[in-house]
Amino acid sequence: MLTDTRVALPSQRRLAALADHRVFAALLLLAAVLRVVTMLGYRPVTLYWYDSFTYLDTAVHPVPSATFHPIGYPLLLRALLPFHSVELVAAVQHVIGLGTGMLLYAVLRRRAAPGWVAASAAVPLLFDASFLRLEHAVLSDTQFIFLIVAGLAVLMWSPRLSVRAAAGAGLLFAAAALTRTIALPLLLLVVLVLAVRRVGWRPLAALVLAGAVPLAGYAAWYAQHHGRFAISGADGVALWARTMTFADCARIQPPPDLARLCPNGTKVDAASEYVWAPGASLNLLPGDRFTHNDLARSFAIEAILAQPLDYLGDVARDTAIAFSWTPIPHPDRTTPAFGFKSGHWELPDQPLIGKVKREYDPDIRGLSSVSPYADFLIAYQYAAYLRGPFLGLILLLGGAAAARRPRVALLPWAVAMGLLIGPVAVLDFDHRYVLPVIPVACLTAALAFRVGEQSPSSGIWRR
């Protein structure tokens, strides 16, 4: 009896491996084409007043900001400064978006998700029109999403967390916190979940140390410029604005120095609007609003302690906006979805814009739509939008995965919930702030599915 002992050649094995990923490769190619269409359809890029221009100005003059914008995203813009092109910034961000989708797919295949499931988990990130718009704007969110997903990918890559992987994840989450400060409590949440999982004190210590060193270094740099050891000069202002939707000083009974920050009858349609409302009590104090950051924080803590149920009720009510079928403007002046339109939008007449044009990109101008590419995107966006109830189902499926496979799915599910609730708890709901939730929630939900038992030598881990 003859036995066939032929062994597949390395080239044949590589071809077989590539064939296993052909569905995702096709999706990635289509997603790349969509991003090319976006760059052709809207020239040069979306620039927001005042966020985009403060980021660009900080890139040219890198000093820690005393407002809402830490240094992380301006460092990316500074790396691209020699090219003096905001269009290149958008192109890089579109590539980062594709790279984030690849990370999602890779870690899910590593964790034994079937190919179609792993590819499906990346679909919202790769094809939702809201992500196309986000990547095409000079905003920090695309970098932030990549860093969060990369940090989770490093932590989830192997069933046993090594010291090196933990340190790498700590650096990534620290970079995310220096991009958007909401990642600072996320880093603490990650440490807590890993401690509950008992990953060992060495990886946990490596994660904490790697995360703390760059944050402490930035805080020391911040102290040199602003006189206090901190990451942000706006956390107290943000939390104060959150409390303005429910604060009742008859119940809080604040001391005289804090009583100046009580609600004064000014009404706006969202908590975040109190930061900018000229008639709000904080903005009637002498000096810039951010000079009163510590005072605002003290008032907010007093208000939350005096009215915890009112605070939690407002946070729950605003978080629920994420699950509506029809996107709800919050505040009313925003466009929550379907923002691709035809037209030309001039930039406001602001001295900072002229300065940024001189120093970063002389070709900066108002956004213009270009047919037929913009026409396609305007029609495309109504179908390519993840409706709120579907996000809710994805989060529920992720919760089920976390219950069934806590060692692998609990961490990303906790991060997804932190990303959803955290911004609302410290400031307000914003549809833009929900977008980072989506890829992490999809990652967790996909972990509810797995292929049959695989050996460690295959590179796929079942646990």
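**The second largest pocket and the helices beyond**

Modeller: With 7 residues, H6 is the largest contributor to the lining of the second largest pocket. The model is a predicted one, and the values that follow are computed from it. The volume of this pocket is about 340 Å³. Its lining comprises 21 residues, of which Ser120, Ala121, Pro124, Ile394 and Cys442 are the closest to the centre. Two or more lining residues come from each of helix H6 (115-127), helix H19 (388-404) and helix H22 (437-446). Ser120, Ala121 and Pro124 therefore fall within H6, Ile394 within H19 and Cys442 within H22. By residue class, the lining has 18 nonpolar, 1 polar and 2 charged members.

Leu125, which falls within the range of H6, is one of the residues lining the largest cavity. The model has 4 cavities of 30 Å³ or more, and the largest holds about 60 Å³ of space. At least two lining residues of this cavity come from each of helix H5 (86-110), helix H7 (129-135) and helix H8 (141-156). Ile96, Gly97 and Thr100 line the cavity and fall within the range of H5. Phe131, Leu134 and Glu135 also belong to the lining and lie in the range of H7, while Thr142, Ile145 and Phe146 complete the list from the range of H8. This lining divides into 6 nonpolar, 3 polar and 1 charged residues.

H8 in turn packs with another helix. The axis of H8 and that of helix H10 (residues 183-196) come within 13 Å, with a crossing angle of roughly 10°. Angles under 35 degrees count as roughly parallel, and H8 and H10 are therefore roughly parallel to each other. From H8, Phe144, Ile148 and Leu155 take part in the contact, meeting Ala183, Leu186, Val190 and Leu194 of H10. The residues of this contact are 7 nonpolar, with no polar and no charged ones.

One further site, treated separately, is a histidine in a loop. His292 is placed in the loop between helix H14 (256-259) and helix H15 (293-306). The relative accessible area of His292 is 14%, and this residue is classed as buried because the value is under 20%. Apart from neighbours within four places in sequence, His292 has contacts with Leu282, Leu285 and Pro286.

Conventions
Residues are numbered from 1 along each chain as its sequence is written. This is a predicted model: local features need pLDDT of at least 70, side-chain atom pairs count only at pLDDT 80 or more; totals for chains, interfaces and linings use all residues. Side-chain values use heavy atoms; hydrogens and water are left out. On a 1 Å grid over the protein atoms alone, a cavity is a set of points where a 1.4 Å probe fits but cannot get out, and a pocket is an open set with protein on both sides within 12 Å along at least five of seven lines; lining residues have an atom within 4 Å of a point. Grid points are joined across faces, edges and corners, and a volume is the space filled by probe spheres set on the points. Helices (H or I, at least four residues) and strands (E, at least two) are DSSP runs, numbered from the N terminus. Ala, Val, Leu, Ile, Met, Phe, Trp, Tyr, Cys and Pro count as nonpolar, Asp, Glu, Lys and Arg as charged, and the others, Gly among them, as polar. Axes are lines fitted to C-alpha atoms, for helices over the stretch in contact, and angles run from 0 to 180 degrees between N-to-C directions. Angles under 35 degrees count as roughly parallel, over 145 as roughly antiparallel, 65 to 115 as roughly perpendicular and the rest as oblique. Contact means heavy atoms within 4.5 Å. Buried means under 20% relative accessible area, exposed over 50%, partly exposed in between (1.4 Å probe, protein chains only).
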